[in-house]
Amino acid sequence: MNSLQPAGAKVPWWRIGCYQGLLNSSRSQQQRALGDSEPWGLGRHSPEKIIMGCNKGCSMSGTKWALVGSVSVVLVIALGLVLSFTLQQQQQHNQPGCEQDVVCRPDADMLDYLQSLGQISRQDGLLVSWYHAANSREQMEAALHSNAMVLEADVNIEGLNTANETGVPIMAHPPAIYSDNTLQQWLEAVLASSQKGIKLDFKSIKAVGPSLALLRRLTEDGKVRRPVWINADILRGPNVPISIEVNATQFLALVQEKYPEATLSPGWTTLYVPLFPNSTYTRAMVEKMQGLLGALPQKVTFPVRAVMVRAAWPHFSWLLGQSKRYSLTLWQGVMDPVSVDDLLYIRDNSAPHQVYYDLFEPVLSKFKQLAANATRKRIYYTGGSLIPLLQTPEGDGLSVEWLVPDIQGNGRTATVSLPDGEGMILLNVGLQRPAAKDPVPIIHVPGGPTMTLEACLLRLAGRPGRWGVHLHIAEPTALRPSLTTLAHLSTLGHLTRPVWIGATISHGSFTVPGHVTGRELLAAVADVFPDVTVAPAWPEEALGSGYREQLLTDMLELCQGLWQPVSFQLRAGPLGQNMVGVVARLLAASPRATVTVEHGPEGGDYASVQAVLLAARAVDRTRVYYRLPRSYREDLLADVGRN
């Protein structure tokens, strides 16, 4: 073999097997023929010949062995990849109750996620429980073994602003800049051993970029299968004398670039000192935040200091109305004297899914107990939506009925009675001019008894049930006196229902003498009592050709940028002349805009406007209301039921 194989060369494993096979085969043949008289049968075949034959035969055999080996390796690798993928998928879907991709995602809604796990029974932020400052390993372990549904933790940079700064995100609340827990360790532990939601608070812009990059890697590895909230105070808020907020532009840009799946939690820096005068969130603060967030695609929950929220509720009611993506998270400072009555007010004036309550005990338990009491008295914001008082979230506007009161008697002996049911009470308001006294707004009943607006509202204040007030200003001179009456009763606590102020107005292409001007309506509301819904209507004299393009344009320009909610009043008859696009265009004016379609017997029977009413409802079921006689409304309900 030395003559055929270079010295020191290694024989391929497949050729060794070939040689042995040929040699053994030759030996067996010789033994059978010669009775094994010559060892190894070398008399007929020398080793050299055997090897030469082997080299020739084994070249084909070796090719076969190499091919078989290569295929085996490929199969093993493929099997390994399939097994790895299967295990990864099993690991991803190994969360009980979280098998739907739509909720097992970092961009999922927190309430959807927790409800899918069976941790909450309905879409209600009050049911969610929180664990604060789960930063150190000890705190993290305690949080993981708690019943809390969402873990809140603070992210900083190791050695921030010192010579020892490393750029590594760690779990520490300023002023701490060192920790026994890095963000990577924290995330790996939380993701591997729990189903808890995640909220990460950032006090330094330096920590945001590397933290989001880490979240990106873990998400791409399929490990982040739950909602992730990213929090930072990005605007200066109440009572804070210096700028300590995280840079808003950089923060929002980093989220869009590195981790757009997150739910944004952008807040205001705040300072509250008990027993000292404290201001609250201003309209300018809230509008500035909306300017930053309005065009972004993410879900947003605004963290707001609970002790300050009721005084600023008109602003937050406006903010919640700007997008269905928005919610509030009420939080409490350790020394903040949060009022349960204030919390109940917020609860009553928002949908359950719109507000989370991150509060301390014993306030939280007392609040939950009272909130569950169905018989307690509720106080509603006069400028708020009809949701949830008269309409469920995403509910049908047809469920709201307009009620016309019956007034009997005059002056102090007058009484008010209403049809059975709940809904918006329609009051037509005129003006009485007694001798030597200031004009007084009255409930206008042509040819009938009179009753002052104040007396009527005071009598209604004691009426149980769910209702709101729709004031229609029948005489232009009654506008400001009526608003003054509303402001007075609201200050005294006697006006605790949603209030609409409506009037037929004169403006632009629908200028008609005898009606209040559009600009006067808006100016009076802003000056005297801004906490209302504005309900403007076009003059009947301008509707001979229906709701023409210019009529819509002028009304929308008048109401553009209006802070109050608007409900545009449409007559069903003229609407039928050019239905296409009218309702949709008015609703597009603002997220809080609604449309009220009205019709009465003087305009024709129900059949004459049936198609118009159904077409309006087809545009938007939630944001279109119907001011109809009860019999017409019942006919419409029957048609809707059949369809």
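Predicted model: local features only at pLDDT ≥ 70, side-chain atom pairs only at ≥ 80, totals over all residues.
Biologist: How many helices and strands does the protein have?
Modeller: The protein has 20 helices and 22 strands. Helices (H or I, at least four residues) and strands (E, at least two) are DSSP runs, numbered from the N terminus.

Biologist: How much of the protein is buried?
Modeller: Of the 643 residues, 48% are buried. Buried means under 20% relative accessible area, exposed means over 50%, and partly exposed lies in between (1.4 Å probe, protein chains only).

Biologist: And what share of the contacts join residues at least 24 apart?
Modeller: Among contacts between residues at least 6 apart in sequence, the share is 70%. Contact means heavy atoms within 4.5 Å.

Biologist: Let us turn to α13. Which of its residues are buried?
Modeller: Helix α13 covers residues 453-461, and its buried residues are L453, A455, C456, L457 and L460. An α-helix has 3.6 residues a turn, so residues three or four places apart point the same way.

Biologist: What covers those buried residues?
Modeller: The cover includes the strands β12 (415-417), β13 (423-432), β14 (440-443), β15 (451-452) and β16 (467-473), together with helix α14 (479-491).

Biologist: Why does C456 count as buried?
Modeller: C456 counts as buried because its relative accessibility is 1%. C559 is also buried, because its value is 10%.

Biologist: How many disulfides are there?
Modeller: The count is 0 disulfides, where a disulfide is a pair of cysteine sulfur atoms within 2.5 Å.

Biologist: New topic: where is N156, and is it buried or exposed?
Modeller: N156 lies in strand β2. With a relative accessible area of 2%, N156 is buried.

Biologist: What does its side chain reach?
Modeller: The side chain of N156 reaches the backbone oxygen of A176 at 3.1 Å. Not counting residues up to four places away in sequence, N156 touches several residues, among them V168, P169, I170, S204 and A207.

Biologist: β2 has come up; which strands supply the lining of the second largest pocket?
Modeller: β2 (150-157), β4 (197-202), β5 (228-236), β6 (263-269) and β7 (300-305) each supply at least two residues of that lining. β4 gives the most, with 3 residues.

Biologist: How much space lies in that pocket, and which residues are closest to its centre?
Modeller: The second largest pocket holds about 900 Å³ of space. It is lined by 31 residues, and the closest to its centre are H173, D201, K203, D233 and W331. The lining divides into 14 nonpolar, 7 polar and 10 charged residues.

Biologist: What about K196, where is it found?
Modeller: K196 is found in the loop between α5 (183-193) and β4, and it is buried at a relative accessible area of 10%. K196 and Y113 are 83 residues apart in sequence, while their C-alpha atoms are 9.7 Å apart in space. Leaving aside neighbours within four places in sequence, K196 is in contact with residues including Y113, A143, M149 and R226.

Biologist: And T219, what does its side chain contact?
Modeller: T219 is found in helix α6 (residues 208-220), where it counts as buried at 18% relative accessibility. Its side chain makes a polar contact with the side chain of Y259 at 2.7 Å. Beyond residues up to four places away in sequence, T219 touches P106, V224, Y259 and E261.

Biologist: Last one: where is T533?
Modeller: T533 is found in strand β19 (residues 533-537) and is buried, with a relative accessible area of 4%. The C-alpha atoms of T533 and A593 are 9.6 Å apart, although the two residues are separated by 60 residues along the chain. Leaving aside neighbours within four places in sequence, T533 is in contact with G383, G384, V499, W500, I501, P565, V566 and S567.

Key:
Residues numbered from 1 in each chain as written. Heavy atoms only, no water. Polar contact = N/O pair within 3.5 Å; in protein donor to acceptor, adjacent residues only side chain to side chain. 1 Å grid on protein atoms, 1.4 Å probe; cavity = no way out; pocket = protein on both sides within 12 Å on 5 of 7 lines; lining within 4 Å. Points joined across faces, edges and corners; volume = space filled by probe spheres on them. Nonpolar A, V, L, I, M, F, W, Y, C, P; charged D, E, K, R; others polar.
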